[in-house]
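I opened this notebook to record what I looked up in one structure. The entries follow the order in which I made the checks.

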Amino acid sequence: MPTKAITKPNVISITLFLLLCFVSVSVLAADPSKWQRLEDDGLHDPSNDALDELQQPGDALSGLPYDYAGNRVNWIKALQDGLIAPRTNLFPDTSIRVIDLDIIMNNTGEMHLVRFPHRQHTEWLDCNNCHNKIFIDKVDATPVNMFSILQGEYCGRCHGAVSFPLTECNRCHSVPRNSFKGQFGAQYKEGESREDFKVEAPLE
Ligand code: HEC
Ligand code: HEC
Ligand code: HEC
């Protein structure tokens with residue numbers, strides 16, 4: 001069978017191409033010039049000499065896992081990989097509660113279903129940040145919709161402000177409708193029920 005041998009120059013150019021891809025990705029991840037400098041951010045006074053005392057965002061953030069959106073840090077990964085360890089409480093008796101409970105939201109029209117993960121949120125936030133002022137702690141009791149989110153309500157209170165922007169549709173709309181076989185709403189594991197996830201002293 002006449003198999004066409006890959007000629008040497010080809011192998012070299014493929015290797016070079018792959019190498020270049022790799023190099024440009026890793027340079028992107030570490031290049032502090034990807035971050036706007038303080039003197040250009042429209043907030044700091046560029047004529048103030050004291051600016052030199054402040055750390056530039058690029059210097060502070062370029063060592064963390066890169067994200068192309070928002071402030072270019074994948075904070076979830078930074079926390080997961082132990083690269084940052086934010087203080088959880090000021091007072092030793094404050095209880096820290098991380099829960100692992102996904103909510104699948106199906107009122108998404110033509111879009112993929114929304115998976116809201118409690119775990120990743122409660123690693124950063126207390127229940128009272130959301131319950132019950134932004135979201136009632138009962139599935140479907142809050143009239144969440146995309147228009148209000150884009151107006152800065154519900155998920156939009158944080159997303160687009162302090163967490164990844166609303167242009168990242170697929171990070172929320174992450175579950176293809178036809179791939180999801182379970183029940184919509186709270187994804188309790190075997191033996192769990194809503195009783196196990198009571199919000200203590202919710203803000204009314
Ligand atoms: C921060 C999370 C988040 C992001 C980002 C997001 N959505 Fe949504 N979207 C939701 C939630 C939550 C709902 C309501 C789901 C429910 O109530 O079942 C929704 C609902 C929708 C709906 C259903 C109709 C409606 O008005 O509610 C559409 C269409 C939609 N989104 C489109 C988009 C598009 C397009 C983008 C990107 C430009 C986007 N979404 C980005 C969370 C998000
Ligand atoms: C970032 C916001 C946010 C935080 C923080 C948060 N939740 Fe939720 N929670 C939600 C959303 C969104 C829903 C779904 C609401 C809906 O479907 O209308 C929900 C739903 C629930 C439900 C309803 C489940 C059901 O079966 O009806 C419970 C219970 C709950 N959360 C408990 C908690 C507890 C306990 C904490 C703290 C350990 C917490 N949540 C932290 C946003 C949050
Ligand atoms: C009180 C603030 C707050 C609200 C409200 C909120 N989020 Fe988040 N969300 C965060 C923060 C903080 C992070 C982690 C940092 C980041 O990824 O930007 C996060 C991360 C996420 C992630 C990424 C999880 C991962 O594993 O990478 C998803 C998905 C998400 N949010 C969806 C939602 C949806 C859907 C809603 C509304 C139903 C919502 N969030 C409401 C603050 C919030």
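Conventions. I noted that this is a predicted model, in which local features need pLDDT of at least 70, side-chain atom pairs count only at pLDDT 80 or more, and totals for chains, interfaces and linings use all residues. Residues are numbered from 1 along each chain as its sequence is written, while chains are lettered from A and ligands numbered from 1 in the order in which they are written.

Confidence. I took pLDDT as the predictor's confidence in each residue, from 0 to 100. The protein averages a pLDDT of 88, and 85% of the residues score at least 70. Over residues 20–28 the pLDDT is below 50, and this stretch has two contacts in the model beyond near neighbours in sequence; a contact requires C-beta atoms, placed from the backbone, to lie within 7 Å. Where pLDDT is low, the predicted coordinates should not be read in detail.

I counted helices (H or I, at least four residues) and strands (E, at least two) as DSSP runs, numbered from the N terminus. For classes, I counted Ala, Val, Leu, Ile, Met, Phe, Trp, Tyr, Cys and Pro as nonpolar, Asp, Glu, Lys and Arg as charged, and the others, Gly among them, as polar.

Ligand 1. I found 21 residues around ligand 1, of which Met105, Asn107, Met146, Cys169 and Cys172 come nearest. Helix 5 (146–150) and helix 6 (169–172) each give at least two residues to this shell. Its classes are 11 nonpolar, eight polar and two charged residues.

Ligand 3. Which residues come nearest to ligand 3? Of the 22 around it, I recorded Gln120, Cys155, Cys158, Ser163 and Phe164. Helix 3 (75–80), strand 2 (114–117), helix 4 and helix 6 each supply at least two residues of the shell, and strand 2 gives the most, with three residues. I listed 15 nonpolar, five polar and two charged residues in this shell.

Phe135 touches Cys130 and Thr142, not counting residues up to four places away in sequence. I call a residue buried if 20 or more other C-beta atoms lie within 10 Å of its own, exposed if 12 or fewer, and partly exposed in between, with C-beta atoms placed from the backbone. Phe135 is partly exposed because it has 18 other C-beta atoms within 10 Å. The C-alpha atoms of Phe135 and Tyr154, 19 residues apart along the chain, are separated by 7.1 Å.

Backbone. Most residues other than glycine have a negative phi, and most peptide bonds are trans. I therefore noted Tyr154, partly exposed with 19 other C-beta atoms within 10 Å, whose phi is positive at about 50 degrees. The peptide bond from His131 to Asn132 is cis, with omega near -5 degrees.

Conventions
A residue is near a molecule or strand if its C-beta atom, placed from the backbone, lies within 6 Å of it.
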